[in-house]
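Colleague: Please take a close look at the charged side-chain pairs in this one for me. I'd like to know who pairs with whom, and how exposed the partners are.

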Amino acid sequence: MEYIINLAILFCIYGMLALSLNMVIGMSGLVSLAQAAFYGIGAYATAIGMTSLGMGFFSSILLGILINAIISLVVGKILARFQYDYYAIVSAGLSVIVFSILLNWKDVTNGALGIYGIGKPAIGSYTFYSNATFLGLIFIFTVAVYLLYMWIDRSSFGRVLKGLREDEKLTQSMGYKTKHYKSIIFVLSATLSGVAGSFFASYIAFIDPSTFQLKEGIFLFTIIIVGGLSSALGSVVGALVLISLPEVLRFIGLPYETAAQLQQIIYGAMLVLMMVFKPQGLFGKYRM
Amino acid sequence: MKIDKIVKNFKSIQKGELKPIKPLSVYGLDIIACKNLNKQFMGIKAIDNLTINIPQAQTTGLIGPNGSGKTTLMNILTGMLKPDSGEIRVRDKIRKRIKSHELRKYRIARTFQDGRLIEQLSVEDNLLLPVADNTIFGGLKEVKQDDYKARMEQVLEITSLTEHRHKKAEELSYGLRKLLEIGRLLMQDAEINFFDEPFTGLFPEIVEKVCDIIGGLQKQGKTIVIIEHNMGLIKRLSDHIIVLDHGTLLAEGRPDFVLKNKAVREAYLGV
């Protein structure tokens, strides 16, 4: 049972990340590879907040949201000048920069050694020690992010985002300052990724920079490509498929080393096959 | 400028005088104008020191040979291109350029020669896109719930798109795509409406439908600018014609006067 709960918690974390990434890539056409950076900033905000600053879990989430909002607002302003592959390249640059900072700003992040002993969430005197209660809490947050996605998706704001993802100039000509829309969705997505990072840090209780490399951003990209672009359902299904895959390989009985290598090959193959044969993904409503 | 002089100038346009109107001379009666406008592409002058005035509540046919600068002019007047120099005036606002996101403020809408639509959105969403609240938090409310839905139903009917409302734009035939673009323009309820070759490639029955739609806008007193190569349609729809050649104003005035003009016939009609 613990094994299932563990998988379900990971699924919720990656579900939140995929939903937030789909807001920028699927809904808005902004190919951001910076999600791992915001995920990492949220995780480190909770880790540092809870271990060094004496903060509680929820206040550390707010700290992560604040830091991510400021960084993503500045970066989003720069990124709003770009589209498509240029957007991907510049956002990938951000991911590399954040990883380097996490690795080298040892006084704050403890560098490659990472941060241990991150606490569990608590409300008053009640602490979410058990995995089952932790799952209950993160599930509520995941559902909230899902509903937020659906709300934006069905709003006029969402329609403008879908307009600019295909033809920004045309959408502008209808009276929309598209740069503002791009910045807002980028900031929202970044802060939600940070929330997922906070849960990750608290759940694992130890984080180091290696989790938040560019390859994690590409993994998240693979999740939404497989599950479906511009689809809330696709985001969570993609997370389910890709989180389950290593477990399936484990059950087959492959040696750990072989399974790890095979997993990367399968991820890559899924990405290529989806782009060629079903570019909108399993449940997607948009193809790049 | 005194009103009697403005009216006199305006009447001179109506009479079909071919002499280019002096810049800013009829500001009381036109709605959009440009003065000494220039635009080059890689050293080639697409618009060459052009000064024109578009009369209010009239239909202006913008004609000229291929490469004469018609679409470039329309793109500049609708904020899709930035001019190199010159002035643009919309009503009483004089600007160096119009920014595309300001079109709604100026109540300008347009269609495109190549039929620009949001391909992966439905017909309904394409129609509703231009009428959303353009404030960020206002946009979080769904536009379908308000009175735009009623307008959308009317537009769907006028453009014969009702049965295609849930299809993606990319699934529509060429003629329906043109109608959807015109429908999007109608949704905007703009005062100044630009049509860039709205009839190109259409079957006769759809041409008549588009003519009816433009006729409806004329009855509402809208300002209309049409780029079109079909002289029959231009004569039928236009109150006023502007002829461009090599980015300059060749002639302007009432259709029957302009189309009889020797210079126009030589440059454009080749006769």
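Modeller: Let's start with Glu208(B), which counts as partly exposed because its relative accessibility is 36%; the scale calls a residue buried under 20% relative accessible area, exposed over 50%, and partly exposed in between, using a 1.4 Å probe and protein chains only. Bear in mind that this is a predicted model, where local features need pLDDT of at least 70, side-chain atom pairs count only at pLDDT 80 or more, and totals for chains, interfaces and linings use all residues. As for bookkeeping, residues are numbered from 1 along each chain as its sequence is written, chains are lettered from A and ligands numbered from 1 in the order in which they are written, and side-chain values use heavy atoms, with hydrogens and water left out.

So who does Glu208(B) pair with? Its partner is Arg236(B), in a salt bridge whose closest N and O atoms are 2.9 Å apart; the term requires a side-chain nitrogen of Lys or Arg within 4 Å of a carboxyl oxygen of Asp or Glu. This pair ties together distant parts of chain B: Arg236(B) is in helix H8 (residues 231-237) and Glu208(B) in helix H7 (residues 204-219), 28 residues apart. Helices here are DSSP runs of H or I with at least four residues, strands are E runs of at least two, and both are numbered from the N terminus. Arg236(B) is also partly exposed, because its relative accessible area is 48%.

Next up is Glu191(B), whose side chain meets that of Arg91(B) in a salt bridge at 2.8 Å, N to O. Again the link joins distant parts of the chain, 100 residues apart. Glu191(B) is in the loop between helix H6 (174-188) and strand E7 (192-196), while Arg91(B) is in the loop between strand E4 (85-90) and strand E5 (93-95). Arg91(B) counts as partly exposed because its relative accessibility is 27%.

Then there's Lys105(B), which bridges to Glu102(B) with the closest N and O atoms 3.9 Å apart.

Over all chains, the count comes to 20 salt bridges.
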